[in-house]
Amino acid sequence: MPRIPSPLTAAAGLVGEYAVARWTKKRPLGGAVLAVAGGVAAREWQRAGGAKASVGLTSAYVAAFAGSHPLAKKIGAWPAVFSVAGAVAAASWAVTRDKG
């Protein structure tokens with residue numbers, strides 16, 4: 001089974017979390033999307049970069065989710081979500097690009 005690149009998984013988790021929570025009006029369902037995508041990405045980060053990479057990138061993923069909330073007050077919800085998703089995807093790519 002082909003692997004989905006971890007930058008794509010992480011970005012999709014952040015964007016998908018917000019989209020699901022917004023459109024279903026069920027925040028826990030969005031949280032489930034965030035958690036599942038984060039778990040898949042963390043497993044791939046562990047495989048590609050080891051424990052330090054996985055812990056660091058998972059921390060960045062959680063920080064991006066938390067940071068999107070105050071950022072949304074300044075630039076809007078969707079721009080904030082896409083900004084943090086792009087940042088996490090870029091960090092994931094930078095850390096794991098030569099190790100996959």
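These legends walk through several close-up views of one predicted protein model.

Because this is a prediction, local features need pLDDT of at least 70 and side-chain atom pairs count only at pLDDT 80 or more, while totals for chains, interfaces and linings use all residues. Residues are numbered from 1 along each chain as its sequence is written, and side-chain values use heavy atoms, with hydrogens and water left out.

**Figure 1**
Follow the sequence along and you get the pattern α-α-α. Helices here are DSSP runs of H or I with at least four residues, strands are runs of E with at least two, and both are numbered from the N terminus. The radius of gyration is 13 Å, close to the 13 Å that the globule rule gives for 100 residues, so the protein is as compact as a globular protein of that length. (That radius is taken over C-alpha atoms, and the globule rule is 2.2 Å times the number of residues to the power 0.38.) Along the principal axes, the C-alpha atoms fill a box of roughly 35 × 25 × 20 Å. Of the 100 residues, 35% are buried; buried means under 20% relative accessible area, exposed means over 50%, and partly exposed is in between (1.4 Å probe, protein chains only). The accessible surface comes to about 5900 Å², and 68% of it belongs to carbon and sulfur atoms. Those areas come from the Shrake-Rupley method with a 1.4 Å probe, and for residues only the protein chains shown count as cover. As for contacts with a separation of 6 or more, 65% of them are between residues 24 or more positions apart. A contact means heavy atoms within 4.5 Å.

**Figure 2. A look along helix α1.**
How far apart are the end C-alpha atoms of α1? They are 26 Å apart, which agrees with the 27 Å that its 19 residues should span at 1.5 Å a residue. The expected span is 1.5 Å times one less than the number of residues.

**Figure 3. K25, in the loop between α1 (6–24) and α2.**
Just after α1, K25 takes a positive phi of about 60 degrees. Most residues other than glycine have a negative phi. K25 is not a glycine, yet its phi is positive. Is this residue buried or exposed? K25 is exposed, with a relative accessible area of 71%.

**Figure 4. Inside the largest nonpolar core, a set of 15 residues.**
A nonpolar core is a set of buried Ala, Val, Leu, Ile, Met, Phe, Trp, Tyr and Cys residues joined through side-chain atoms within 4.5 Å. The residues with the most contacts inside this one are A10, L14, W45, Y61, A64 and V88. Each of α1, α2 and α3 supplies at least two residues of the core, and the largest share, eight residues, comes from α2. Now zoom in on L14: leaving out residues up to four places away in sequence, L14 touches L34, Y61, A64, F65, V81, V84, A85 and V88.

**Figure 5. The salt bridge between E44 and R47.**
How many salt bridges does a search of the whole structure find? It finds one. A salt bridge is a side-chain nitrogen of Lys or Arg within 4 Å of a carboxyl oxygen of Asp or Glu, and the closest N and O atoms of E44 and R47 are 2.5 Å apart. The two residues sit three apart in helix α2 (residues 27–75), so about one helical turn separates them. E44 is buried at 14% relative accessible area, whereas R47 is partly exposed at 37%. Setting aside its neighbours within four places in sequence, E44 is in contact with R3 and S6.

**Figure 6. W78 in helix α3 (residues 77–96).**
W78 is partly exposed, with 23% relative accessibility. Ignoring neighbours within four places in sequence, W78 is in contact with V15, Y18, A19, R22 and W23. Take A19: W78 and A19 are 59 residues apart along the chain, but their C-alpha atoms are separated by 9.1 Å.

**Figure 7. A48 and V95, another pair to find.**
A48 lies in helix α2 and is buried, with a relative accessible area of 11%. In sequence, A48 and V95 are 47 residues apart; in space, they are 8.8 Å apart, C-alpha to C-alpha.
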